[in-house]
Amino acid sequence: PLGSRKTMDYTVVGDVVNTASRMCGIAPPGQILVTQHVVDRLKGHYRMEELPAATVKGKAEAIRVWRILADLDSSQPGGA
């Protein structure tokens with residue numbers, strides 16, 4: 001036998017996971033892209049810029065996309 005009984009593998013599935021994967025796929029290197037759902041929870045903590053809506057696989061309509069620009073709690077651009 002190969003492997004170890006101590007090794008465990010996990011996986012997650014669902015619409016949220018698929019959307020997150022699509023966002024990672026369209027994000028250029030060094031950028032963090034989020035959906036409106038995340039923006040609603042981060043308001044007041046980060047400076048964000050809305051980008052053009054994106055059409056992604058698995059969604060009937062384009063989704064709103066935001067780019068994280070800076071952590072408002074930090075004096076450094078891009079956060080701590």
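E50 is partly exposed at 36% relative accessibility, a class that lies between buried (under 20% relative accessible area) and exposed (over 50%), as judged with a 1.4 Å probe on protein chains only. The model is predicted, so that local features need pLDDT of at least 70 and side-chain atom pairs count only at pLDDT 80 or more, whereas totals for chains, interfaces and linings use all residues. Residues are numbered from 1 along each chain as its sequence is written, and side-chain values use heavy atoms, with hydrogens and water left out.

E50 forms a salt bridge with R64, with the closest N and O atoms 2.8 Å apart; the term denotes a side-chain nitrogen of Lys or Arg within 4 Å of a carboxyl oxygen of Asp or Glu. Because E50 belongs to strand β2 and R64 to strand β3, this pair ties together parts that are 14 residues apart in sequence. Strands (E, at least two residues) and helices (H or I, at least four) are DSSP runs, numbered from the N terminus. R64 is also partly exposed, with a relative accessible area of 42%.

By this rule, the count of salt bridges comes to three. In another, E49 meets R67, and their closest N and O atoms are 2.1 Å apart. This pair links strand β2, which holds E49, with strand β3, which holds R67, across 18 residues. E49 is partly exposed at 30% relative accessibility.

A further salt bridge joins the side chains of D15 and K59 (2.9 Å, N to O). D15 lies in helix α1 and K59 in the loop between β2 (46-54) and β3 (63-71), 44 residues apart. Both residues are partly exposed, D15 with a relative accessible area of 45% and K59 at 27%.
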